[in-house]
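Please prepare a briefing on the structure shown below, grouped by topic and with the criteria stated where they are used.

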Amino acid sequence: MLNTIKNAPLTGKKVIMRVDFNVPLKEGVITDDTRIRSALPSIKYILEQSPKGLILMSHLGDPKKDTKKAKEKALQSGLPFDEAAYINGKHRMAPVAAHLQDLLGKKVLLAPDSVGDEVVRLVNELTDGAILMLENTRFNSGETSKEASEREALAKFWASLADVYVNDAFGTAHRAHASTEGIAHFLPAYAGFLMEKEICYLEPMVKNPPKPMVAIIGGAKVSSKIAVLESLLENASALIIGGGMSYTFLKAQGHSIGTSLFEEDFIDTAKKLLAAAKEKNVDIILPVDHQVAATFSADAVAEYISGNDIPDGKMGMDVGPKTIELYKKVILSAKSVVWNGPVGVFEFDNFAKGTESVARIVAECTAKGGMTVVGGGDSVAAVNKFGLKDQMSHVSTGGGASLELLEGKLLPGVVALQSK
Ligand code: ADP
Ligand code: MG
């Protein structure tokens, strides 16, 4: 059982909450604030309980990794690289704190660091439900350290600042970091509403979904989706396999796939999955027609191929109308649907039809009373692009975390919130 903030003693307490404010930034400006908005219900609820103070902490990008990459790129192109300016524009919490302040209409104080005497001083001064945001947790190497003792030392420091720990950062729940998992060992720990909602919609898909359940798995590669395919096979009545990865399956069935995306090393894996599905009586729905192109580019012209034999020199970029009809029949017969991975190169308008249709059909399933859940960075981007976010039962805020949960893995950040 997940301990949630509804059962947490918050009044008069100092509360430290891990949020996932890892928002995309362009030159210091937030380009998508979904993650900040998603934490508002928990933040508002906590403030209504009159805590002594609310301390918020999050990572923002990966300062070390991002800087190394950007530096190498600059070096390669012979451009100067100003490390401090780069970090200031990409990893500092100031724009996030300012944006949260606007959304709440309430002062959000910002600490200059996430550790140290100044943080302790600012926390000691918190009264009457004031909000203090710590600086990027990943500026401190203990946050992600492989050494358990380093993570523990940092977790203990953060725990020393408060009476209660709340975790609403579903997007980082698959990481056993100091702020997402370590700290829960030193304070009473509770899940926020976002965390609770994510688990409440995603977990049933691998445990006890309303049946029949249909899983739609697309995206680029078999290698990144095989674990989720195997996991969903347990409860699905039909498994729709679309997108780039479907071509490895079609090749495994003996079809010609032209220059479509293909993973030679996964032919055997594909064959095994097809056999396992047969044994379990799960329908595998592969495409039956395609939109193909001569090159992988935004201005490539779509050519229609009926059937599954793609000529030499052509690559499958999207599913065709007969496949969409088939999807419609299968998806609308479901009581629950889980969707991870676009069924075509939806970023290119000429090849977006399949993915847009899937989004519309899943929305129709929601309207008919089905439980519909979308996870995965690009699938969520697709649902947003077609303006259908509000027509799904749940759209996950966590890419990697939702995938791992659907793979049937235990997420360290979630385990840490369960009643001991
Ligand atoms: P998600 O982020 O939702 O888990 P993935 O990252 O697995 O999804 O895959 C998304 C990518 O798969 C998209 O960028 C999309 O363009 C690509 N893709 C979908 N269909 C094809 C295809 N037929 N050929 C090449 N790439 C494809
Ligand atoms: Mg992706």
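Helices (H or I, at least four residues) and strands (E, at least two) are DSSP runs, numbered from the N terminus. This is a predicted model, in which local features need pLDDT of at least 70 and side-chain atom pairs count only at pLDDT 80 or more, while totals for chains, interfaces and linings use all residues. Residues are numbered from 1 along each chain as its sequence is written, chains are lettered from A and ligands numbered from 1 in the order in which they are written, and side-chain values use heavy atoms, with hydrogens and water left out.

**Surroundings of ligand 1**

- Ligand 1 is surrounded by 20 residues, the closest being Lys225, Gly316, Glu347, Asp378 and Ser379, where a residue is near if one of its heavy atoms lies within 4 Å.
- Of this shell, seven residues are nonpolar, 10 polar and three charged; Ala, Val, Leu, Ile, Met, Phe, Trp, Tyr, Cys and Pro count as nonpolar, Asp, Glu, Lys and Arg as charged, and the others, Gly among them, as polar.
- Strand S14 (315-319) and helix H13 (377-385) each supply at least two residues of the shell, and H13 gives the most, with three residues.

- A nitrogen atom of ligand 1 lies 3.0 Å from a backbone N or O atom of Gly316.
- An oxygen atom of ligand 1 is 2.8 Å from a polar backbone atom of Asp378, and an oxygen atom of ligand 1 is 3.3 Å from a polar backbone atom of Gly377.

**Aromatic pair**

- Tyr45 and Phe193 form an edge-to-face aromatic pair, at 5.2 Å centre to centre and with 70 degrees between the planes; rings of Phe, Tyr and Trp (its six-membered ring) pair if their centres lie within 6.5 Å, and planes under 30 degrees apart count as stacked, over 60 as edge-to-face and the rest as tilted.
- Because Tyr45 lies in helix H1 (residues 34-48) and Phe193 in helix H7 (residues 193-206), the pair ties together parts that are 148 residues apart in sequence.

**Backbone geometry in loops**

- Most residues other than glycine have a negative phi, and most peptide bonds are trans.
- The peptide bond from Lys211 to Pro212 is cis, with omega near 0 degrees, and Pro212 lies in the loop between H7 and strand S9 (213-217).
- Asp128, although not a glycine, has a positive phi of about 50 degrees, and Asp128 is placed in the loop between helix H5 (117-124) and strand S6 (130-133).

How values were computed: A polar contact is a pair of N or O atoms within 3.5 Å; within protein, one must be able to donate a hydrogen and the other to accept it, and residues adjacent in sequence count only if both atoms are side-chain atoms.
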